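Please look at the structure below before reading on. The paragraphs after it take its parts one at a time.

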Amino acid sequence: MIEMSNVTKKYVNGVQALTNVNLKIEKGEFAFLVGPSGAGKSTFFKLLLKEEEPTSGKIYLDNQDITKVSRRKVPYLRRNLGVIFQDFRLLPNKTVFENVAFAMEIVEASSKEIRRQVPMMLGMVGLSERANQYPHQLSGGEKQRVSIARAIVNNPSILIADEPTGNLDPETAWEIMKVLRQINRRGTTILMVTHAKDIVDVMQQRVIALEKGRIIRDEAKGAYGYED
Ligand SMILES: Nc1ncnc2c1ncn2[C@@H]1O[C@H](COP(=O)(O)OP(=O)(O)O)[C@@H](O)[C@H]1O
Ligand SMILES: [Mg+2]
């Protein structure tokens, strides 16, 4: 569950990136966040990740007010919040297995748990055969699968994705969407920022549109609604 209550974010340079945002995404939902460049989408994610703090308002993840969580405890928040980026952000000197395992090491999982859990996740994203390869040996779609495996390895209740198909060709993008849909069906809440009109229009999920820091549209089974 993701909830923002009256959230405003003003950066130190005076730019107000979000204004009075009120939003609730229930457990198990799949929602798209759309809107033009500069609308505040990445700021929204940075607030969920506690990379930035809101100027005012409250933010809840699974009923916990994260604005009250200390910096020291942020890694444990992350355990419950998987993240995927457009540019994958894999560690180049670690193998596929090690990249996924690293997310578990950060939250001090035992090596026994890691040996059990990582192969399961790699199987789920269809990369069992690639466990010992390095990121530079993988295609874009495979890299994104690794980043998905890493994002869900700690069984987060929420997965947020910032343009996860932005660097992929249409066919590979759809394969990634299938994996995300499968993760969502297992109960994980997914919030995905995207500019992929075709994907949003076909998926028929909730669409939340941000413009100039405000939510201007929020529809169940919505469409992308822009022409780009
Ligand atoms: N760290 C920052 N400092 C100052 N202004 C920022 C910062 N990050 C983003 N902004 C501004 O906040 C607004 C929203 O940006 P952003 O959240 O990145 O939008 P989007 O992801 O929708 O393109 C823009 O005007 C942007 O220039
Ligand atoms: Mg952005």
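This is a predicted model: local features need pLDDT of at least 70, side-chain atom pairs count only at pLDDT 80 or more; totals for chains, interfaces and linings use all residues.

Residues are numbered from 1 along each chain as its sequence is written, chains are lettered from A and ligands numbered from 1 in the order in which they are written, and side-chain values use heavy atoms, with hydrogens and water left out.

Begin with strand E8, residues 189-193. Helices (H or I, at least four residues) and strands (E, at least two) are DSSP runs, numbered from the N terminus. How many of the five residues of E8 are buried? Five of the five are, so the strand is largely enclosed by the rest of the structure. Here buried means under 20% relative accessible area, exposed means over 50%, and partly exposed lies in between (1.4 Å probe, protein chains only). In a regular strand the side chains alternate between the two faces of the sheet. In E8, Thr-189, Leu-191 and Val-193 are on one side, Ile-190 and Met-192 are on the other, and both faces are covered.

E8 also has strand partners. Two strands pair if DSSP finds at least two bridges between them. E3 and E8 run parallel and are joined by four bridges, with Leu-33 opposite Val-193. Strand E7 (residues 158-162) pairs with E8 in the parallel sense too, over five bridges. In that pairing, Asp-162 stands opposite Val-193.

Next comes helix H6, which covers residues 170-185. The expected span of a helix is 1.5 Å times one less than its number of residues. For the 16 residues of H6 this gives 22 Å, and the end C-alpha atoms are 22 Å apart, which agrees. The buried residues of H6 include Ala-173, Ile-176, Leu-180 and Ile-183, and also Arg-181 and Asn-184. After H6 comes Gly-187, whose phi is positive, near 115°.

Now turn to charged side chains. Side chains of opposite charge can pair when their charged atoms come close. A salt bridge is a side-chain nitrogen of Lys or Arg within 4 Å of a carboxyl oxygen of Asp or Glu. A search of the whole structure finds 12 salt bridges.

One of them joins Arg-206 to Glu-29, with the closest N and O atoms 3.0 Å apart. This pair links distant parts of the chain, 177 residues apart: Arg-206 is in strand E9 (residues 206-211), and Glu-29 is in the loop between strand E2 (16-25) and strand E3 (30-34). Arg-206 is buried, at a relative accessible area of 14%. Arg-206 also forms a salt bridge with Asp-218, where the closest N and O atoms are 2.8 Å apart. Asp-218 lies in strand E10 (residues 214-219), 12 residues from Arg-206. Through shared partners, Glu-29, Arg-206 and Asp-218 are joined into one network. Asp-218 itself is partly exposed, with a relative accessible area of 39%.

Another salt bridge is formed by Glu-53 and Arg-71, whose closest N and O atoms are 3.2 Å apart. Glu-53 is in the loop between H1 and E4, and Arg-71 is in the loop between E5 and H2, 18 residues apart. Glu-53 is partly exposed at 29%, whereas Arg-71 is exposed at 53%.

Two residues deserve a look for their backbone angles. Most residues other than glycine have a negative phi. Lys-50, however, has a positive phi near 60°. Lys-50 lies in the loop between helix H1 (41-48) and strand E4 (56-61). Is Lys-50 buried or exposed? At 3% relative accessibility, Lys-50 counts as buried. Asn-63 has a positive phi as well, of about 70°, and is found in the loop between E4 and strand E5 (64-65). Asn-63 is exposed, with a relative accessible area of 65%.

A pocket is found on a 1 Å grid over the protein atoms alone, as an open set of points where a 1.4 Å probe fits, with protein on both sides within 12 Å along at least five of seven lines; lining residues have an atom within 4 Å of a point. The largest pocket holds about 510 Å³, a volume being the space filled by probe spheres set on the points. Its lining has 20 residues, and Arg-78, Val-83, Ala-103, Ile-106 and Arg-150 lie nearest its centre. Helix H2 (74-79), strand E6 (81-85), helix H3 (96-106) and helix H5 (140-152) each give two or more residues to this lining.
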